[in-house]
Amino acid sequence: SGKPSGDPTTSPSSSPSTEPTSLPTSAEIIVVRFPLKQLFRTSLKASAIKSSSAALFAFTKLISSNLNIRQDRVSISDIFDDTTAVRRHLQGSLDSGTVTFEYTVELQVQNTASHTLAAAHRDTVNVVASSTVQASLNVDMNSVLGENSVESLAPVVSDFRLDDIDVVYLRTLQPTPAPSKAVVS
């Protein structure tokens with residue numbers, strides 16, 4: 001008849017072909033970047049904490065592991081002495097200043113609908129503000145900075161606003177699905 005039938009004329013071979021069946025397609029990955037702040041009451045200056053690579057590593061590792069993201073998705077943008085932070089003086093607490101960590105976390109989201117982004121923000125804030133994370137921050141930061149050097153305070157959390165976040169679209173190669181019928185040459 002001169003037209004191919006679309007059905008294979010022989011059985012598939014036992015060894016795969018070295019030729020791809022088609023070119024990979026692009027997949028879009030949507031990443032949202034949330035700015036956050038963590039406060040510490042401490043007798044140390046911000047410059048001393050900034051110069052401690054172990055403290056920076058401990059902070060980003062703890063946050064990333066609790067958010068189940070890669071550590072490079074937590075970026076500290078600044079650490080500074082904060083003279084405006086509200087200071088609660090609890091009996092037995094550090095009698096000192098406050099240091100603020102400004103940082104961002106990058107999370108993969110399914111879409112950019114405002115309710116999806118707001119839910120991701122709320123979930124992120126719930127994790128970093130949890131008593132478990134705050135207690136772990138105390139332990140981990142004091143283990144590298146010196147016993148009783150810092151006391152984590154509740155993070156500064158702003159209400160969710162689209163203007164405060166960055167949405168990044170990434171493209172990555174994604175393999176195409178296997179062909180549904182064997183192709184024989």
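## Basis

Local features in this predicted model need pLDDT of at least 70, and side-chain atom pairs count only at pLDDT 80 or more, while totals for chains, interfaces and linings use all residues. Residues are numbered from 1 along each chain as its sequence is written, and side-chain values use heavy atoms, with hydrogens and water left out.

## Nonpolar core

The largest nonpolar core holds 32 residues. Such a core is a set of buried Ala, Val, Leu, Ile, Met, Phe, Trp, Tyr and Cys residues joined through side-chain atoms within 4.5 Å. Buried means under 20% relative accessible area, exposed over 50%, and partly exposed in between (1.4 Å probe, protein chains only). Phe59, Ile63, Phe101, Tyr103, Val105 and Met141 touch the most other members. Elements giving two or more residues to this core include strand E1 (25-42), helix H2 (53-67), strand E3 (97-109) and helix H4 (131-145). Helices (H or I, at least four residues) and strands (E, at least two) are DSSP runs, numbered from the N terminus.

Met141 has contacts beyond its neighbours within four places in sequence: Phe40, Ala55, Ala58, Phe59, Phe101, Gly146 and Val150. Contact means heavy atoms within 4.5 Å.

## Aromatic cluster

There are 4 aromatic pairs. Rings of Phe, Tyr and Trp (its six-membered ring) pair if their centres lie within 6.5 Å; planes under 30 degrees apart count as stacked, over 60 as edge-to-face and the rest as tilted. Phe40 and Phe59 pair edge-to-face, at 6.4 Å centre to centre and 70° between the planes. Phe40 sits in strand E1 and Phe59 in helix H2, 19 residues apart. Phe40 is buried, at 1% relative accessible area. Phe59 is buried too, at 0%.

How are the rings of Phe59 and Phe101 arranged? Their centres are 4.6 Å apart and their planes stand at 35°, so this pair is tilted. Phe59 lies in helix H2 and Phe101 in strand E3, so the pair ties together parts 42 residues apart in sequence. Phe40, Phe59, Phe101 and Tyr103 form one aromatic cluster.

## Second largest pocket

The second largest pocket has a volume of about 230 Å³. Its lining has 16 residues, with Pro35, Leu36, Lys37, Val156 and Ser158 nearest the centre. E1 and E3 are the elements that give two or more residues to this lining.

On a 1 Å grid over the protein atoms alone, a pocket is an open set of points where a 1.4 Å probe fits, with protein on both sides within 12 Å along at least five of seven lines; lining residues have an atom within 4 Å of a point.

How values were computed: Points joined across faces, edges and corners; volume = space filled by probe spheres on them.
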